[in-house]
Amino acid sequence: MSQTPRYTTGNGAPVPHDDISQTAGPNGSLTFDNWRLFEKLAHFNRERIPERVVHARGVAAYGTFTLTRDLSDLTIARFLQGVGKQTPLLARFSTVAGGQDSGDNTRDVRGFSLKFYTEDGNWDMVGNNTPVFFIREPSKFPDFIHTQKKDPRTNMVDWQNRWEFWANHPQALHQVTILMSDRGIPKSLTTMNGYSSHTLSLWNDKGERVWVKWHFKTDQGHETLTDDQAAQVAPDFH
């Protein structure tokens with residue numbers, strides 16, 4: 001027998017009325033035995049929704065992955081075997097360097113990730129809308145992100161910090177070229193590609209290891225905005 005969900009306190013005690021606080025008489029002050037009120041305000045005063053360090057502002061959509069080429073020669077993963085095999089998934093797109101206040105009209109790499117809900121468990125493919133990345137050495141990642149985020153002293157983006165890091169890491173040149181090119185501001189979520197930033201390995205039933213770089217190409221066409229066009233649209237137009 002189903003039950004109507006109940007609103008309770010932190011320790012599970014039911015709250016019959018959430019719109020009424022006790023007072024000393026009809027027009028008196030609130031009393032100290034308003035335990036529900038005090039707990040509610042205590043929670044409110046301490047509420048914090050943590051922000052992702054990167055990929056903070058994003059949007060996701062559920063869909064279905066349909067396999068059009070059997071990949072059993074490359075992998076034992078069942079969701080990649082058999083033409084027509086369908087797997088539910090969640091696709092997420094995001095800005096990367098900016099925080100939750102970043103805009104869709106900014107020049108920034110876009111995050112691209114897929115979560116496949118397979119019969120063998122969830123499988124995540126994470127990457128960006130570009131096929132390369134700024135760095136190769138993982139220990140450099142925190143340093144790199146610090147240069148891309150707002151300076152904590154000014155709460156503003158410092159482009160000198162960004163360019164100083166890029167200039168001292170020549171391997172970033174390819175990604176910087178893409179970011180500063182016409183591809184730097186995607187027109188929409190449906191008109192950009194997605195790539196695994198890394199090359200990943202698969203194993204087949206013969207015990208052979210196969211290296212794979214994932215490319216997910218849009219069928220809607222690849223479209224971007226110029227700086228002037230981006231300045232004319234709302235920050236949340238995606």
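How many helices and strands are there in the protein? There are 5 helices and 10 strands, taken as DSSP runs numbered from the N terminus (helices H or I, at least four residues; strands E, at least two).

## Basis of the model

This is a predicted model, in which local features need pLDDT of at least 70 and side-chain atom pairs count only at pLDDT 80 or more, while totals for chains, interfaces and linings use all residues. Residues are numbered from 1 along each chain as its sequence is written, and side-chain values use heavy atoms, leaving out hydrogens and water.

## Overall form

The protein has a radius of gyration of 25 Å, whereas a compact globule of 238 residues would have one near 18 Å. That radius is taken over C-alpha atoms, and the globule rule is 2.2 Å times the number of residues to the power 0.38. Along the principal axes, the C-alpha atoms fill a box of roughly 75 × 55 × 35 Å.

Of the 238 residues, 33% count as buried (under 20% relative accessible area; exposed is over 50%, partly exposed in between; 1.4 Å probe, protein chains only).

## Helix α3

Helix α3 spans residues 159-167, and its buried residues are R162, F165 and W166. Seen down the axis of α3, they fall within an arc of 100 degrees, so they line one face of the helix. The arc is that of the directions from the helix axis to the C-beta atoms. The face turned away from this buried side carries exposed Q160 and A167.

Cover for the buried residues includes α2 (141-148), β6 (156-157) and α4 (173-179). D158 caps the N-terminal end of α3, with a side-chain oxygen 2.9 Å from the backbone nitrogen of Q160.

## Aromatic residues

The structure holds 18 aromatic pairs. W214 and F216 form a stacked one, at 6.2 Å centre to centre with 15 degrees between the planes. Rings of Phe, Tyr and Trp (its six-membered ring) pair if their centres lie within 6.5 Å; planes under 30 degrees apart are stacked, over 60 edge-to-face, the rest tilted.

Both W214 and F216 are buried.

## D104

D104 sits in the loop between β2 (86-95) and β3 (110-118). Is D104 buried or exposed? At 9% relative accessibility, D104 counts as buried.

Its side chain reaches the backbone nitrogen of F237 at 3.4 Å. Leaving aside residues up to four places away in sequence, D104 touches R57, R110, I185, P235, D236, F237 and H238 (heavy atoms within 4.5 Å).

Note on methods
Polar contact = N/O pair within 3.5 Å; in protein donor to acceptor, adjacent residues only side chain to side chain.
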